[in-house]
Amino acid sequence: PTPFARTREETSGLEGLLTASLSQLESIVCRVVYCPGSSDPITSMVADALSSAQASLNHSKRRRSESQRLTPNSRNINRQWLPLAPALGCAGLVYLDSTDV
């Protein structure tokens, strides 16, 4: 099913699979940068919007970055720019067929 028509159970299951996959990648390299796709849970695509609202309530930039991570060494870069070095960075943009996200 599309990410917009999943049940809570399906979404939770996909979050578990995504977390397990990221953990396996972290055993190969210490830091993992990822951008979720349409087959990933919708919560991983809208997490930046949710954490932004949460951060404004808590006035905590640290809390915002922690809420986007499924594992200690992974970083969700959906709709974000991650600087890697001077004049070098990584951006995550996902195209979905719906304008709801």
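Predicted model: local features only at pLDDT ≥ 70, side-chain atom pairs only at ≥ 80, totals over all residues.

Visitor: Which residue in β4 is the bridge partner of Gln 80?
Guide: Gln 80 is partnered with Gly 92.

Visitor: And how many residues sit between β3 and β4?
Guide: Two, and the pair of strands forms a hairpin. Ala 87 is in that turn, and its phi is positive, about 65 degrees, even though Ala 87 is not a glycine.

Visitor: Is Ala 87 buried or exposed?
Guide: Exposed: its relative accessible area is 89%, and the cut-off for that label is over 50%.

Visitor: OK, what about phi of Arg 79?
Guide: Also a positive value in a residue other than glycine, near 60 degrees. Arg 79 lies in the loop between β2 (74–76) and β3.

Visitor: Why does Arg 79 count as partly exposed?
Guide: Because its relative accessible area is 42%, and partly exposed covers what falls between under 20% for buried and over 50% for exposed.

Visitor: Switching topic: which residues make the nonpolar surface patch?
Guide: Leu 25, Ile 28 and Val 29 make it, and the patch is about 290 Å².

Visitor: Where does Ile 28 lie?
Guide: In the loop between α1 (8–26) and β1 (32–34).

Visitor: And why does Ile 28 count as exposed?
Guide: Because its relative accessibility is 68%, and exposed means over 50%.

Technical notes. Residues numbered from 1 in each chain as written. Heavy atoms only, no water. Patch = residues over 30% accessible without salt bridge, like charges linked within 9 Å, V, L, I, M, F, W, Y side chains within 5 Å. Areas by Shrake-Rupley, 256 points an atom, 1.4 Å probe, with all protein chains shown as cover. Salt bridge = Lys/Arg side-chain N within 4 Å of Asp/Glu carboxyl O. Helix = DSSP H or I, 4+ residues; strand = E, 2+ residues; numbered from the N terminus. Buried < 20%, exposed > 50% of the residue type's maximum accessible area, 1.4 Å probe, protein only. Pairing = 2+ DSSP bridges.
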